[in-house]
Amino acid sequence: QVQLVESGGGLVQAGGSLRLSCVASGTIFSINTMSWYRQAPGKQRELVALISSGDSIDYADSVKGRFTISRDNAKNTVALQMNMLKPEDTAVYYCNYATTALFPPRSYWGQGTQVTVSS
């Protein structure tokens, strides 16, 4: 089992910045991908950014150039630096840990943290 705890959400004005953090605990395998997803009211959950244990990174087109994902493997943490925030970034942000080290692959979610961007 893996437990994920997010922090760093809040209310910010458009153009501002926030930094989300997620700490993973439990049975952590070295082969994994950590990601941030978000879900706005009435919308499906969508991938925001991911970073693999090999440091491959990908972003949703809507956040490229504004958000930066990073990880600290020694501390089992992943962070999302969000700059130039827009009202459309308002959502609950979820941390995800996924590993293919086991069969079937495992995926775990945090409880989510609210990000609200005012115009």
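A: This model is predicted. Start with the loop that holds Pro104, which runs between strand E9 (91-99) and strand E10 (106-109). A cis peptide bond links Phe103 to Pro104. Its omega is about -5°.

Met84 is not a glycine, yet its phi is positive, near 50°. Is Met84 buried, partly exposed or exposed? Its relative accessibility is 47%, so Met84 counts as partly exposed.

Another loop deserves a look. Asp55 sits between strand E5 (46-52) and strand E6 (57-59). Asp55 also is not a glycine, and its phi is positive, about 70°.

Next, turn to the core. The largest nonpolar core has 28 residues. Leu4, Trp36, Leu80, Met82 and Tyr93 touch the most other members. E5, E8 and E9 are among the elements that give two or more residues to this core.

Finish with Leu80. Set aside its neighbours within four places in sequence. Leu80 is then in contact with Leu18, Arg19 and Leu20, among others. Its contacts also include Val48 and Ala49, as well as Phe67, Thr68 and Ile69. Trp36 and Tyr93 are on the contact list of Leu80 as well.

Note on methods: Residues numbered from 1 in each chain as written. Predicted model: local features only at pLDDT ≥ 70, side-chain atom pairs only at ≥ 80, totals over all residues. Heavy atoms only, no water. Helix = DSSP H or I, 4+ residues; strand = E, 2+ residues; numbered from the N terminus. Buried < 20%, exposed > 50% of the residue type's maximum accessible area, 1.4 Å probe, protein only. Core = buried A, V, L, I, M, F, W, Y, C linked by side-chain atoms within 4.5 Å. Contact = heavy atoms within 4.5 Å.
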